[in-house]
Structures are given as C-alpha cells and as structure tokens.
Amino acid sequence: SEKMRLNSTGLGIGTSSPTEALEVKGRIIIDGDGSGNNHGTLIIDGSATSSSQIRFYQNGTPKGYVTYWDSSDTLGLTDGSANGLHFSPSNQRVGIGTASPLATLHVDTSNSGVALNSEADDFFVESNSHTGITIGSGSSHRSSIYFANSSDNDIGRIVVAHDSGTMRFNNNASERMRIDASGRFLFAKTS
C-alpha cells in the first residue's frame, strides 16, 4: 500500500493529501547513531524575528505549545496565550503566568503593579488581590524560613514547630523570641 505522496502542497507520509510542506500521520523516531554529534537531534531554525513552535493538539483542538520567541529570547510552555511557564536563557529568569519575568523566579497570577526592590528580586509572587505563600509540613514537624550567609547556614530563621504550637525567631544563630501555643510573647526565653 502507498506509504507517502508528494504533491504541489508538500510531502505526505501516511497521508495522501498533505496540508503542509511535510505532514506525517503516525509516530516519528529520530535516532542518532551514537557517534560524534549524531544523537537524534531535531533542529528548528527560524529567523531573528520569528517564533519557532511545537504544537500539541487533541482531536484538532490546540492544547499546548512549546514556543521560542527570538525577539525576547524566551522559551515557553503555554496554552497558546501568555499563560504558562517561560524561561529566558539570556537573563536566567523563569516566569509562571508571565512572559516577562521580573525576578529570577516570578509567579504572577495577576499583575500587582509592584516595582521590585533590587535587593529582593530573586523570588517574586504577585497578584492584584490577596497573595500568599504556603509552607506545609507534617503535624509533628517544623515549617521554616532560613537566612544564611557563606559562613553560617542558619544565621537567622523563622520556625513554626507544629508539635508544640510555637513560632520561633532566631537571630545570630540563636533563638531570641518565641510565641507559645497560648499566644504569649516570650523575649530572650523559651518558656
């Protein structure tokens, strides 16, 4: 039976009526010979002003895209809109929900209009409504935020001890304040 057809539109493999320059119905295997640089590489070469894209469809409906935008040097995993995950190799930033991350990791559920401080631009979570970060742990364990430098990996920390119901504040590697389970504020002591 016929396996491929070339017509004025393009080459069809597994189809007799291609709609693009190359249309394949079925699986494609790219297999290098394992020597040198032959490792089964797919190359997509676009112009300096174009976007290169791999599209995923389900029954003719677009569901997901892997896109490289040359103009902004950004690689995106999206639903076809700006929503999704964006990585910019040139500035080493990742955006979730934004195509233009303002921080090393930027999570944007809706633009808050906040201008980042240059001393706090590594991780940015924003929304134009209530915004939060949850740190979850087991009921007999601790949830913590550590502050460190090159000579001390716990120079400061905020710890919630779920088993005792306390919130502890450490500075210079020692506990300095505590709020106990009954809501009492303890300064320079633990009980």
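Predicted model: local features only at pLDDT ≥ 70, side-chain atom pairs only at ≥ 80, totals over all residues.
1. Strands here are DSSP runs (E, at least two residues), as helices are runs of H or I of at least four residues, and both are numbered from the N terminus; two strands pair if DSSP finds at least two bridges between them.

2. Residues are numbered from 1 along each chain as its sequence is written, and side-chain values use heavy atoms, with hydrogens and water left out.

3. Within the sheet, strand β5 (residues 61-69) and strand β6 (residues 74-78) run antiparallel and are joined by five bridges. Y65 stands opposite T78 in β6.

4. Two loop residues have a positive phi without being glycine. N59, in the loop between β4 and β5, has a phi near 50°, and D73, in the loop between β5 and β6, has a phi of about 50°. Which of the two words, buried or exposed, applies to N59, and which to D73? With a relative accessible area of 78%, N59 is exposed, whereas D73, at 18%, is buried; buried means under 20% relative accessible area, exposed over 50%, and partly exposed in between (1.4 Å probe, protein chains only).

5. H106 lies in strand β9 (residues 105-108) and is buried, with a relative accessible area of 1%. Not counting residues up to four places away in sequence, H106 touches several residues, including V94, I96, F124 and E126, contact meaning heavy atoms within 4.5 Å.

6. S137 is found in the loop between β10 and β11 (142-149) and counts as partly exposed at 33% relative accessibility. The side chain of S137 makes a polar contact with the side chain of H162 (3.1 Å); such a contact is a pair of N or O atoms within 3.5 Å, where, within protein, one must be able to donate a hydrogen and the other to accept it, and residues adjacent in sequence count only if both atoms are side-chain atoms.
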